[in-house]
Amino acid sequence: MPSAVACLVAWLLATATALSGGPAAASIRKTPLQRYDAALRRHPLRTKCASSGVASGIGDALAQTLVPLSTGYDPRRTAAFALVGAAYFGPLLHGWYVMLSRLERRLLDAGLSRPAAVIAQLLINQSLGAARARRG
C-alpha cells in the first residue's frame, strides 16, 4: 500500500508542476496554493480534471487503507476511480459551476443581495446538481 500512496503523491506533484508551467524561478518562490491558483486561471478545465482525478484516486486509496478488503489493496480500482474523477466528474463539475457562477452574476444584476444569490446557488446545487450527479 505505501507504494500506491507514493505513486499518487508523485502524480500530484508532477501534475502540479506541469500545470504551473514548470519550476521557473518565479514559480519556485510561490506556495503550492499560489501555483494551483495560477494554473486554475490559465487552464481551468485541465486543472479541475487533474484535481478531480487526484482527489478521487487519493480518496479511494484512503478508503481501501482505512477499511481493508479481504482481497487487499487494489491499485486497478484506485486507477479506475482516478480516471472517472478526471474524465467524468472534472468536466461535469467544471461546467456546472460555470453555470452557477453565471447564475450568480444574473441574480446580482437583477438586484438580489449577495447572501440571497449565494443561498439560491446553494439550493440549486444541492437539489438539481445533486440529483444530476446521482443519475450519472
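The buried residues of helix H4 are Thr47, Cys49, Ala50, Ser52, Gly53, Val54, Gly57, Asp60, Ala61 and Gln64. The model is predicted. H4 covers residues 44-66. It has 23 residues and spans 32 Å from its first C-alpha to its last, close to the 33 Å expected at 1.5 Å a residue.

**The whole protein**

The protein holds 6 helices and 0 strands. From the N terminus on, its elements run α-α-α-α-α-α. It has 136 residues, and 23% of them count as buried. Take the contacts between residues at least 6 apart in sequence: 55% of these join residues at least 24 apart.

Two packed helices are described by the angle between their axes and the distance between the axes.

| Pair | Axis distance | Angle |
|---|---|---|
| H3 and H4 | within 5 Å | roughly 130° |
| H4 and H5 | within 7 Å | roughly 145° |
| H5 and H6 | 10 Å | about 150° |

**H3 against H4**

H3 is made of residues 32-42. H3 and H4 are oblique to each other. On the H3 side, the contact uses Tyr36, Ala39, Leu40, Arg41 and Arg42. On the H4 side, it uses Pro44, Thr47, Lys48 and Ser51. By class, the residues of this contact are 4 nonpolar, 2 polar and 3 charged.

**H4 against H5**

H5 runs over residues 75-109. Its crossing with H4 is right-handed. H4 brings Pro44, Leu45, Lys48, Cys49, Ser52, Gly53, Ser56, Gly57, Asp60, Ala61, Ala63 and Gln64 to the contact. H5 answers with Arg77, Thr78, Phe81, Ala82, Gly85, Ala86, Phe89, Gly90, Pro91 and His94. The contact of H4 with H5 has 10 nonpolar, 9 polar and 3 charged residues.

Start with Ser52, which lies in H4. Its relative accessibility is 15%, so Ser52 counts as buried. Leaving out residues up to four places away in sequence, Ser52 touches Gly85, Ala86, Phe89 and Gly90.

Leaving out residues up to four places away in sequence, Pro44 touches Ala39 and His94. Pro44 and His94 are 50 residues apart in sequence, yet 8.0 Å apart in space, C-alpha to C-alpha.

**H5 against H6**

H6 takes in residues 114-135. How do H5 and H6 lie, roughly parallel or roughly antiparallel to each other? They are roughly antiparallel. H5 passes H6 in a right-handed crossing. From H5, the contact takes Tyr88, Trp96, Tyr97, Leu100, Ser101, Leu103, Glu104, Leu107 and Leu108. From H6, it takes Arg114, Ala117, Val118, Ala120, Gln121, Ile124, Asn125, Leu128, Gly129 and Arg132. The residues of this contact divide into 12 nonpolar, 4 polar and 3 charged.

Key: Residues are numbered from 1 along each chain as its sequence is written. This is a predicted model: local features need pLDDT of at least 70, side-chain atom pairs count only at pLDDT 80 or more; totals for chains, interfaces and linings use all residues. Side-chain values use heavy atoms; hydrogens and water are left out. Axes are lines fitted to C-alpha atoms, for helices over the stretch in contact, and angles run from 0 to 180 degrees between N-to-C directions. Helices (H or I, at least four residues) and strands (E, at least two) are DSSP runs, numbered from the N terminus. Angles under 35 degrees count as roughly parallel, over 145 as roughly antiparallel, 65 to 115 as roughly perpendicular and the rest as oblique. Contact means heavy atoms within 4.5 Å. Ala, Val, Leu, Ile, Met, Phe, Trp, Tyr, Cys and Pro count as nonpolar, Asp, Glu, Lys and Arg as charged, and the others, Gly among them, as polar. A crossing is left-handed if the near helix is turned anticlockwise from the far one by less than a right angle, and right-handed if clockwise. The expected span of a helix is 1.5 Å times one less than its number of residues. Buried means under 20% relative accessible area, exposed over 50%, partly exposed in between (1.4 Å probe, protein chains only).
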